[in-house]
Amino acid sequence: SNLTVQCDGNGNTAALNAWLASNGGAVASDNCSAVTWSNSFTSVSDTCGATGSASVTFTATDNCGNDSTTTATFTIIDTTDPIIGILPSDLTVECDGFGNTAQLTAWLNSFGGANASDNCSSVTWSNDFSSISDECGGTGSVKVIFTATDDCGNASTTSAMFTIIDSTDPIFTSELPQNISVSCDQVPN
């Protein structure tokens, strides 16, 4: 019988060895002698991550050298999404007047602090950032969806907010205003 197993990240060695040892579930008998089994397994093909398949020919041979063969396939698949272990964090920054691009870029490049793993392959991150909403001055916010994708295309998503605020009062850049006194009989005042 063909056997399909979910990737365990370690080559599914136990499942493969058990399948090979049971001759893929095949049974053979001979009227004159016992039957000896062999198989053609060499390796599992490399599809994506630690997945792949192997077409194996099982051969039942009697003591006189007569044999019968049958073929079955052992397949490792990966249909499991990566696991996001640490969620991204929202980040609020004070407006720098230039779009806070350095802080935004660092936050995007660190996936908002998120972390993901997959038992079958490495994980690649992407995000859907396009622009920050325009509120007042150089402030705004954006909800960014971060996507962790494994080598087989399985993906998990999570999101966080990047917000630019302005809580700083304006400052005088030249001399402060001076008090002035005038006489009330001066025309015009």
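I began with the secondary structure and found two helices and 10 strands in the chain, where helices (H or I, at least four residues) and strands (E, at least two) are DSSP runs numbered from the N terminus. Along the sequence I read the order β-α-β-β-β-β-β-α-β-β-β-β. The radius of gyration, taken over C-alpha atoms, is 34 Å, well over the 16 Å that the globule rule (2.2 Å times the number of residues to the power 0.38) gives for 189 residues, so the chain is more spread out than a compact globule.

I note that this is a predicted model, in which local features need pLDDT of at least 70, side-chain atom pairs count only at pLDDT 80 or more, and totals for chains, interfaces and linings use all residues. Residues are numbered from 1 along each chain as its sequence is written, and side-chain values use heavy atoms, with hydrogens and water left out.

For the extent, I noted a C-alpha box of roughly 135 × 20 × 15 Å along the principal axes. I then looked up burial (under 20% relative accessible area, 1.4 Å probe, protein chains only), and 29% of the 189 residues count as buried.

Just after α1, N23 takes a positive phi of about 60°.

Key. Buried < 20%, exposed > 50% of the residue type's maximum accessible area, 1.4 Å probe, protein only.
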